[in-house]
2 protein chains.
Amino acid sequence: MHREKKKATMQFLLEVVDILTNYVKKTFDRSTKVLDFHHPHQLLEGMEGFNLELSDQPESLEQILVDCRDTLKYGVRTGHPRFFNQLSSGLDIIGLAGEWLTSTANTNMFTYEIAPVFVLMEQLTLKKMREMIGWPAGEGDGLFSPGGAISNMYSVMIARYKYFPEVKTKGMSAAPRLVLFTSEHSHYSIKKAGAALGFGTDNVILLSTDERGRVIPADLEAKILDVKQKGYVPLFVNATAGSTVYGAFDPINEIADICEKYNLWLHVDGAWGGGLLMSRKHRHKLNGVERANSVTWNPHKMMGVPLQCSAILVREKGILAGCNSMCAGYLFQPDKQYDVTYDTGDKAIQCGRHVDIFKFWLMWKAKGTIGFEQHIDKCLDLSQYLYNKINNREGFQMVFDGPQHTNVCFWYIPPSLRGMSDSEERREKLHRVAPKIKAMMMESGTTMVGYQPQGNKVNFFRMVVSNAAVTQSDIDFLVDEIERLGQDL
Amino acid sequence: MHREKKKATMQFLLEVVDILTNYVKKTFDRSTKVLDFHHPHQLLEGMEGFNLELSDQPESLEQILVDCRDTLKYGVRTGHPRFFNQLSSGLDIIGLAGEWLTSTANTNMFTYEIAPVFVLMEQLTLKKMREMIGWPAGEGDGLFSPGGAISNMYSVMIARYKYFPEVKTKGMSAAPRLVLFTSEHSHYSIKKAGAALGFGTDNVILLSTDERGRVIPADLEAKILDVKQKGYVPLFVNATAGSTVYGAFDPINEIADICEKYNLWLHVDGAWGGGLLMSRKHRHKLNGVERANSVTWNPHKMMGVPLQCSAILVREKGILAGCNSMCAGYLFQPDKQYDVTYDTGDKAIQCGRHVDIFKFWLMWKAKGTIGFEQHIDKCLDLSQYLYNKINNREGFQMVFDGPQHTNVCFWYIPPSLRGMSDSEERREKLHRVAPKIKAMMMESGTTMVGYQPQGNKVNFFRMVVSNAAVTQSDIDFLVDEIERLGQDL
């Protein structure tokens, strides 16, 4: 690169850093909006000076800086202390620095050869996570994958490989009709895995739950027996540790008893709830997780690690490689000068694999295990605070008793509906309340919180806290804002 | 956050930026080593002041800065102009700035709601890519996925859905025995997809290639007929545009004729070669790509976009959603205030999806299409330069005639083997030459280039150029270095 040009591009990079650090500072400033909402057609038509179209000719570095500013301006501040919309929120500065370093290193996890430090960090971190799960001496295997859905997909793949290894070469026709079980409240990724991997969604049986969204073990056993009676083969049970909407924890020990009795693979989807293993106060909610054959755990959710960071952890060593290896000689040469067991690529369904470990490792170094514990305990305390505040408050109705995770689910009942007795009309009206309030929130840009229906329950708000920057005043603000926006509906 | 602590963490972030910009500058400095090699046990035992183990207690920010420096120190400079080891190399500063912004925005592609700008950028960029493929008006669909292997997996999934949609609900038992075809030189991800998705690797038929690694169409037709005669159903053909080792381009038009004749899905794996569509000079190598049903194209390879950035492009609209949607009401609410067709999450097998688009979009803005074209033409010119330099040079033997992509494959024959006639002994000795030279390269840290065997050919070097910083002098250096390290073997 010519010296002049080099200088200009380094200067450009520093100017982007300036834009970014300003953005970060403003994100933590409550007087900043969470978002500046525009409809798709508005952004597509082009805002002043911001044109998304790509062209044949280059633009100036000045214009590129403007584009960077505008991209942030019209985006959503997921690190804002009043952004409660997703399970992943917050903006940890150490994690952010880690991700910037990762981008700068710009390498790939498939071999030790080109990612020596990251490969070892991944190995040590996964071992530490397995120790926290409670597997003897942290033995086992694992990988960071591109999100919880893929981690869950891995669990189904390796369960199938464990019981019917010939499927790898001969396909599903080499196995009997296999059935997967997961709760009606579980994440849809188990069903997606069933479709993708060739089981078919009809063979993903949904389990009934109690009023707090937890699997009823007797229902699992009844459904296993039913499936066996039909001549099919029960293969796999997913127990959710922290469901998406209710934050429910399935009773892992009781489910594990049934899995042992019928010789089924037990997977625990702790994408959302796995972080609680870091907390001495809350880890009991995952009691029995050490009996699982595999566990999904996303540090990018409850632990505040930047996106993406999801681990699939496996109790039996070697099975990931057995399931996925294709021994491609052009990538994984056996005749290298170092110990090639550190080349992890052939265990994955990916070839190239993004470095997701470093930011997490760096945050763990900076916080220590106790730092994560404090973060988690604080978030759960805040949820309890919200629950206590709105339970029995006029105009609020809880969807279930007591928070199980940081999820607090509730209806806001506008004054106009408070006197009405339950009827189809009232249900229809109530169903439209949360979307309306949410739309107004987004348009005013003050806060964001999720809503959804569940089963036969009409739309309700799902509040979650995973951002370290949230305080009680932000919870108060959310409640006030819902009342302000909803009072005339 | 308390003001004091906030100030300290922002200060920390700027110090990390300082470390990173110094790293970037040094990466482009040829007097810097490509790597400082250590064995796994050395790094695990702990280098001075660098300990990979995680602990319960936090470390100081000063130590975290040291950890950042050491992580880079013991890593590999994939952006160095003498790093030729992978298809992905280089360090584009605009792309890097884009990735830093992406990490700062820390959001997720699944809904317009939380990633409005990124969702639109993805949509526009995919359309532009489809136009370059040559699909009418750029119509169709697509997604950025976590790498070429997953993109290829999508192609197999949607092909199956197109012909046997009932597999989604009923599983593979609802379909006859389905067969996939791909070249013996193709990427192993097609086989991995066959295993994962329940086809079985026995049903992934490898096609024979000519001496330059290109599929022989007559072999495809013969194998289709053979499969049909056995009563199985040919489903899918993968044509590789830029194979991993040889850089070969399968004859897409001839393969498309056969796919049309037998009604098979045609996928083009252009993970490596797709970038050539940007070059008026070289795009003819992909002639016929517009007849494909789906295309994989990784901008993170030939186009120098930072990792990860891989697109799966599909000619038929709606089929990605049809194949993968599960309509999870808790994530994809139909009753939002904006046009929810912009919520892309349900098309993916992932739930959360990393923002891979922004850095690519930003680079495209900054370079224009012509900038990518110049980059590609330059890399291919450099490969031709290397080929011309070592073809007929004493001690070098080419694996095939003429570069097809930037891949140049060759044996280095040390003086001790030059007089020997072909024999098992010579072959065994030659097989050990490339690994030995590679090990010495890594230990001296001067350069890195890949090697592998292929079929019955013993280990040879595979040189590739995708880094914009490479010059002819770097090519000269590589050749000199191989001769220097290999002369006494």
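Visitor: How much area do chain B and chain A bury between them?

Guide: The structure is a predicted model. The size of an interface is often given as the accessible area lost when the parts come together. Of the area buried here, 66% lies on carbon and sulfur atoms. The total for chain B and chain A is about 12,800 Å².

Visitor: Which element gives the most to the side of chain B that touches chain A?

Guide: The contact takes 145 residues from chain B and 145 residues from chain A. Across this interface there are 8 salt bridges, one of them joining the side chains of Asp346(B) and Lys192(A) at 3.4 Å, N to O. With 13 residues, the element that gives the most on the chain B side is helix H1 (residues 3-27).

Visitor: Is Lys301(A) buried or exposed?

Guide: Lys301(A) carries the UniProt feature "modified residue: N6-(pyridoxal phosphate)lysine", from an unreviewed entry. Its place is in the loop between strand E7 (294-297) and strand E8 (310-314) of chain A. Its relative accessibility is 16%, and buried means under 20%, so Lys301(A) counts as buried.

Visitor: Which residues does Lys301(A) touch, not counting those up to four places away in sequence?

Guide: UniProt marks Lys301(A) as a modified residue in an unreviewed entry. With residues up to four places away in sequence set aside, the contacts of Lys301(A) are Leu87(A), Ser88(A), Ala271(A), Trp272(A) and Ser466(A).

Visitor: What distance separates the centres of domain 1 and domain 2 of chain A?

Guide: Chain A is divided into domain 1 (3-32 + 36-75), domain 2 (108-354) and domain 3 (365-486). Taken over C-alpha atoms, the centres of domain 1 and domain 2 of chain A are separated by 39 Å.

Terms used
Residues numbered from 1 in each chain as written. Chains lettered and ligands numbered in written order. Predicted model: local features only at pLDDT ≥ 70, side-chain atom pairs only at ≥ 80, totals over all residues. Heavy atoms only, no water. Domains from an automatic or database assignment. UniProt positions renumbered as here; feature names shortened; annotations may be inferred. Helix = DSSP H or I, 4+ residues; strand = E, 2+ residues; numbered from the N terminus. Buried < 20%, exposed > 50% of the residue type's maximum accessible area, 1.4 Å probe, protein only. Contact = heavy atoms within 4.5 Å. Buried area = accessible area lost by both parts, 1.4 Å probe. Salt bridge = Lys/Arg side-chain N within 4 Å of Asp/Glu carboxyl O.
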